[in-house]
Amino acid sequence: MKKFSFLFASLFLLAACGPAAGGGASGGGNKVEGDTIKIGMNMELSGDVSAYGNAEKEGITLAVEEINEAGGVLGKKLELIEKDNKSENGEATSVAANLTAKDKVVAVVGPATSGATKATIPNMTKAAVPVITPSGTDDSITVVNDKVQEYIFRACFQDTFQGVILANFAQDNLKAKNVVIIGDNSSDYAIGLTKSFKDTFKGKIAKEETFTAGDKDFQAILTKIKDLDYDAIYIPGYYAEAGLIIKQAREMGIDKPILGADGFGDEKLVEIAGAKNVSEVYYTGHFSEKAPATDKVKPFVEAFKKKYNKQPSAFNALGYDSVYMLKQAMEDKDSADSKDITEGLASLKDFVGVTGKMTMDKDHNPEKSAVVLGLTEGKETSADAVNP
C-alpha cells in the first residue's frame, strides 16, 4: 500500500535512489554483534494508517516469540527493535537511519505503506541493510528507473498484479461491462491500481471520479454516479475513505458491487462503513482461512488467536511471514550478517508462508497466489484463489 506523497518528494526520491540502485552501497552492511540477532521494525504505529502498522506488529511479534521459543536462528535469539514512523514518510526515513546506524540492526521489517517504504530506500541502500515491506505494493518500491533496488524486498504481491486480478474478477465473475472508478488522486498506491485496472478491463469506464486522502464527504461524487448505467464501482484506496464511500453510497441507495484492493483488508473498513452496508464488497487479499494457500495457515490462526484472542487479518499474516522470510534467508546462508541476508532473500525459493508459497523473482517480488475475498454484512463469505 501507499501513503500519499507529493510530486516534488517523489522526484527527489527518484533522483536519490536512481544512481545507488544496483550499484552497491558505501558500506558492507551490519554484522551480528553480541548474543542476539538484532532486527528492526519501522512501522506506522500511530497516525493516519496506524491500523496497518499495528496489525503487522502483532504478526511480527508473534513470529519472533515463536522463533525464540524454538531456539532462535543459528543458535542466537532474535532481538526486535521497535520504532514508530508515525505514518509520516519523513519520520520513516529517520527511523531507517537510526535503526541501521545507531541500533546496528542486520535487517528491517517495514514500513507497511509504499510511500514510507520508498522514503527509506536511500538510507537502507547507503547502510547496505536489507528491508522487507510486508505490504508495500507500489511497483516502484523494488525497481526504480529500471534498476532493481538491491536491499529492498517485499512479502506481498504488487499493484499491477492486484489491478489485473480485480479487472478480470469484475468482467469474469461479476460480468461487469461498465464500471465507475472512484480513486484517491493523492496516493501512488491508488494511481497505480487505477492504471493497472484500466489497462486490463475490457469494458467501459462509465465515469472516473477522484478524491484526496482525508476527505469525509462523498455525497457530490456519489450523486454524479447514482443514476448512470454501470455494473460495479472500483475504489482504489485505503480503508478510511473507502469505508465512508461505502457507507454513504449504501445510504443513498446505491447497491452496486464494490471492488477494492488490499487497502480494504482491515476491520476498520467495516467499523467505518457499518456492517449492514458492507455487502457485495470484494477485494484482493493476501490470505484466507476459507482458501488456505499452504498448510501453515491453520497453525498460524490457532497461535494468533491464542495470543491475541481475535481472528488474524492479512496484515497480521504478512508481518508474520516477513520475519520467517528473514529466518529462512539467514539459515540458507548460514549467516545473520546484512550482506548474507540480502543474498538469501534475493535467492529465496519455495518458501512456505501463511500468505502462500513464494519464490523471489529477479525484481525482488515474491511469486505467489492471491485471493479475492467477498464480504456480506461485513463478514467474509467467499474466497476465490487466484494464481499468478
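**Close-up 1. Thr-194 in a predicted model.** Thr-194 is buried at 9% relative accessibility, where buried means under 20% relative accessible area, exposed over 50% and partly exposed in between (1.4 Å probe, protein chains only). Helix H6 (residues 188-200) holds Thr-194; helices (H or I, at least four residues) are DSSP runs numbered from the N terminus. Leaving aside residues up to four places away in sequence, Thr-194 touches Ile-181, Glu-208, Tyr-234 and Pro-236, contact being heavy atoms within 4.5 Å. The model is predicted, with local features needing pLDDT of at least 70 and side-chain atom pairs pLDDT 80 or more, while totals for chains, interfaces and linings use all residues. Residues are numbered from 1 along each chain as its sequence is written, and side-chain values use heavy atoms, without hydrogens and water.

Close-up 2. Domain 1 covers 36-157 + 293-369 and domain 2 covers 160-285, with bounds from an automatic or database domain assignment.

**Close-up 3. Salt bridge at the domain interface.** The rule finds 1 salt bridge across the interface of domain 1 and domain 2, a salt bridge being a side-chain nitrogen of Lys or Arg within 4 Å of a carboxyl oxygen of Asp or Glu. Asp-188 and Lys-118 pair through their side chains in a salt bridge, 3.6 Å from N to O.

Terms used
Helices (H or I, at least four residues) and strands (E, at least two) are DSSP runs, numbered from the N terminus.
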